[in-house]
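Visitor: I would like to learn how to read a structure like this one. Where do we begin?

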Amino acid sequence: MNGQAKEFPFQKSLLRNYHAPRWDEPLVFELNAPGHRGVVLARETDEDLETLSDAPEKLVQRSSRPNLPEIGQAQVLRHYLRLSQETLGAVFNVDIGQGTCTTKYSPKVNDKFAESSLSAKLHPLQDVSTAQGTLEIMHSLQDYMREISGMDAVSLQASSGSTAIYGAVKAVQAFHEHNGEGKERDEIITTLFSHPSNAATAKTAGYKVITLYPNENGYPDLDALKSVISERTAALFITNPEDTGIFNPDITSFVDAVHEVGGLCFYDQANANGVLGITRAREAGFDMCHFNLHKTFSTPRASGGPAAGALCVTEDLKPFLPGRQVVQTSDDRFDWSVPDETATADIRPFYGVIPNLVRAYAWIRALGPDGLRQVAETAVLNSNYLHAELSKIDGLTVPYAEGEYRIEQVRYSWQSLAEETGISTGELGQRMADYAFHYWTSHHPYVVPEPMTLEPTESYSKRELDEYLTSLRHTVDEVRNDIEIVKTAPHRSSIHAIDVEATTDPETWATSWRAYRRKYLGEVREEPRRWIAPEGLPMRERAAKAHHR
Amino acid sequence: MSVSLQSLPKLTIGLVVNPVAGLGGSVGLKGSDGQVIQREAIARGATPHATRQAARTLTKLRTLLDDRFDLLTAPAMMGEDAAREAHVHAEVVQAASEPTTLLSSTAKDTQDAVRFFDALGVDLILFVGGDGTARDVHEALAQQASDRTVLGIPAGVKMQSGIFARSSQDAAVIVRDWYASSMQKELGEVADIDEEARRNGVLASNLYGYLHVPRTRRPLQGGKIGSATSAQFIEGIAMECISQIDPDAMCLLGPGSTVQAVSELLHGDSSLLGIDVAHQGEIIAVDLSSRQLNEITQGKRLQLVLSPVGGQGFLFGRGNQQLDSELLSRVEREDLFIVCTEEKLAQLGGGPLYIDVPELEMVERFTGYKKVITGGHQTASIRVDDAKNVSA
């Protein structure tokens, strides 16, 4: 052995010959077989009935049976197994193509801690004296988040990143109301390439949203900000680096300008992968920031289920934080804080998604301060490698600040390939599914034409990055040599191309079995009872109710 | 796109080529409208390339659609030549007069062919040219009050209109995608710039109307409107705009479909392309000249609602001449309301938008960062620049 890696002739190709299973599985409601049971319980005895007669459950018993399908246990298991086989399987897959959604590996050992009965079976109402260990974990996690952000106080109550941002908006509202400016300050400023939840949560809370558009460098001019700040500015909600991966170097001037007119500044760090352990929201002058624990701290993506977010604020904003924090008592034990009178209402019931908080804690402990910084450095290195390799592909450009590297992700443009061949970025993405890869374009509107956003994080090996690159290069070759195979893709995925137009038309949506029966099986739906205004009462005319559900 | 094309009824396409389209561009004339310019272009050595573009589209269509389409076209260099070059069988309609030389083809020939295709009930009219040709097509169909679907194959110098494919090949892909889906259509702008002004280094667009274009996921050049996503926002834009307008002021409503959505929330009829006046929640006059606008709004606070026109984001100036200096001098900076969907703003690259007014004072008043209404409770801060500073 001379120390050189040996090249094995039988090494598999970087291009996967992938094929997904296709089950043509019915809806679970269509599997309804009257009389079938998952579990057969023993018949109740007279004694049981006697015992249950005044049980509290009686009070909440439904008057009629729920309209659920009747299916055997094995059929249910097979049904969900098949559905799971028809997915690309995030978390276990190579999720480079999930740019801005930031999907990274969730170490399995952390599930052990999360599944421990000490955290998983904790009841929110049990006495704190019996949950000291979990509270200590949360207390430490609060400390770590304070250190990582530079802030003074942390709320771990949010069950998703966007919930944490909503908590921040509500804290902004509470702050200005406390200062007697709640009504006057009715505008929140954000940028086009910031996390869309910034604009969405601000609107949900009733704010007017002003969006700044990027200049030729990819971030807004300071003058654009200065033209919209005023005594009506409640806050700036901004992401940096933005979804393009470009870092706004004027960020402290942005913060100063907003502070000068009395507004607050929120740093969206849903994804802090590019700056973890390198920069902190506090040093840039921000009043608040948040982290999506699944984007940065490795907890699993919830995909609609409970995730977790950490909301961090300065001392001035602490009285307005939602939820309770864990505090250390004088006898070195842990307890829940009593919220201030000025505190924002809870943003979810109880204390937060404990299993995810445990996972994030374990991840931070395993890495330590140097490890956290290394996460960012590796994420940036991986992104730069993809950037350098992809720049060699004819037909791909990297709009804004040409020739400069980005931070942890890059928004590329296939416009020139589209003009040459008539392919669209969406069609490229559908072909990438044939190679078992996700592919993400961008949020709407597409300011970068024919966009593609890739974010490799720190999780993937060089071979995996090369597999992604190989599939993408191969797809571009196919576009030039056999465009039909790309335009009619996916061929080897579990589903064919979906009708995108239909997904934007609510009339075609059936988000429940009831809606499906009405819209697709022709069942006549009884109009639900509704309040009818007394005659003569002036009423605003309302649009007909949408029957999505 | 898993539909088998063989199962669909055959597509009938009418093709008309404006052979002089793009003639001026290759020799730096920034347009090809008018025979003087066309002669000048040829004298400078310009060669027509419209036929080549048309042939490219047809060749690609043949690959994508196989024999699933019938082609009707105009004689000689107005389409017949392109079909021959692409080896596509075409039925030559004799409605259009046969141009004997390049310069003897006229706008009337294009319009005659379009009218003929329309009368025959073709599924789609493909035309090759630029904004000038688009205007001819629009005029011909407008005369017949026809909503025939059209698609432009880009060959002109200027393509401000939102009815052109992004390339000749892309046009074929759009036709195929449209044919294989449900053949729905949507509106695209017919806009054109003032060529004379452009040659003097000034940008000025005018909105001439709307044509129906194939609705597919493929983007066209410039602004397409009416897609499902922007439709949801247009209502919000209109409501937001109405809430900001002072009912006691005289409010001038500019051209275009986004402003039209604002008009629809007011009482009374409005015009799509003219400048209308609203007062106290009612549209009190439509499609007025600058003299009429000055008369009717005399002594009242003046407000102005506009939407950017064309592929360059032109707001006002030479394009809408009804807004003369006298009127504009009465509009305060905060009384100018710009409405635009996010989608269109994105197509304009997020700005800047342009104005063209001669008076320095007015340039200063209306340029710089300005709020654009993009939805309910939603604005964008976009830079407005002087069109005279644009490098031509």
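Guide: Helices and strands are DSSP runs, a helix having at least four residues and a strand at least two. Counted this way, chain B has 13 helices and 16 strands. Keep in mind that this is a predicted model.

Visitor: What share of the residues in chain B is buried?

Guide: A residue is called buried when its relative accessible area is under 20%. In chain B, which has 392 residues, buried residues make up 60%. Contacts can be read by sequence distance too. Taking the contacts in chain B between residues at least 6 apart in sequence, 72% join residues at least 24 apart.

Visitor: Which strands pair with β4(A), and in which sense?

Guide: Look for bridges between strands. Strand β2 of chain A, residues 187-191, pairs with β4(A) in the parallel sense over three bridges. Within that pairing, A:Ile189 has A:Leu236 as its bridge partner in β4(A). Strand β5 of chain A, residues 264-269, also pairs with β4(A) in the parallel sense, over five bridges. There, A:Thr239 stands opposite A:Asp268 in β5(A).

Visitor: What do β4(A), helix α9 and β5(A) make?

Guide: They make a right-handed β-α-β unit, in which helix α9 of chain A covers residues 251-260.

Visitor: How many aromatic pairs are there over all chains?

Guide: The count comes to 15 aromatic pairs. One of them joins A:Phe29 and A:Trp513, which are stacked, with 5.0 Å from centre to centre and 5° between the planes. A:Phe29 lies in the segment before α1 of chain A and A:Trp513 in helix α17 (residues 513-520), so this pair ties together parts that are 484 residues apart in sequence. A:Phe29 is partly exposed, at 27% relative accessible area, while A:Trp513 counts as buried at 17%.

Visitor: And what does an edge-to-face pair look like here?

Guide: Take A:Phe175 and A:Phe320, which are 5.7 Å apart centre to centre, with 80° between the planes. A:Phe175 is in helix α6 (residues 161-178) of chain A, and A:Phe320 is in the loop between β7 and β8; the two residues are 145 apart. Both A:Phe175 and A:Phe320 are buried.

Visitor: Which residues does the cluster of ring pairs link?

Guide: The cluster contains A:Phe29, A:Trp513, A:Tyr516 and A:Tyr520. Rings can also have a charge over the face. A:Arg82 lies over the face of A:Trp23, 4.5 Å from the ring centre. In chain B, B:Arg135 lies over the face of B:Tyr208, 4.0 Å from the ring centre.

Visitor: How many disulfides are there over all chains?

Guide: The count is zero. The test is whether two cysteine sulfur atoms lie within 2.5 Å. For B:Cys241, the closest cysteine sulfur is in B:Cys251, at 6.6 Å, which is too far for a bond. B:Cys241 is buried, with a relative accessible area of 0%. In chain A, A:Cys101 counts as partly exposed at 21% relative accessibility.

Visitor: Now single residues. What does A:Thr299 touch?

Guide: First place the residue. A:Thr299 is in the loop between α10 and β7 of chain A, and is buried, with a relative accessible area of 2%. Leaving out residues up to four places away in sequence, A:Thr299 touches A:Ser106, A:Leu293, A:His294, A:Asn356, A:Arg359 and A:Ala360.

Visitor: Where is A:Val94 found, and is it buried or exposed?

Guide: A:Val94 is in the loop between α2 and α3 of chain A, and counts as buried at 8% relative accessibility. With residues up to four places away not counted, A:Val94 touches A:Phe437, A:Tyr460 and A:Glu464.

Notes:
Residues numbered from 1 in each chain as written. Chains lettered and ligands numbered in written order. Predicted model: local features only at pLDDT ≥ 70, side-chain atom pairs only at ≥ 80, totals over all residues. Heavy atoms only, no water. Phe/Tyr/Trp six-rings, centres within 6.5 Å; stacked < 30°, edge-to-face > 60°. Buried < 20%, exposed > 50% of the residue type's maximum accessible area, 1.4 Å probe, protein only. Lys NZ or Arg CZ within 6 Å of the ring centre and 35° of its normal. Pairing = 2+ DSSP bridges. Right-handed = clockwise from strand over helix to strand, strands pointing away. Contact = heavy atoms within 4.5 Å.
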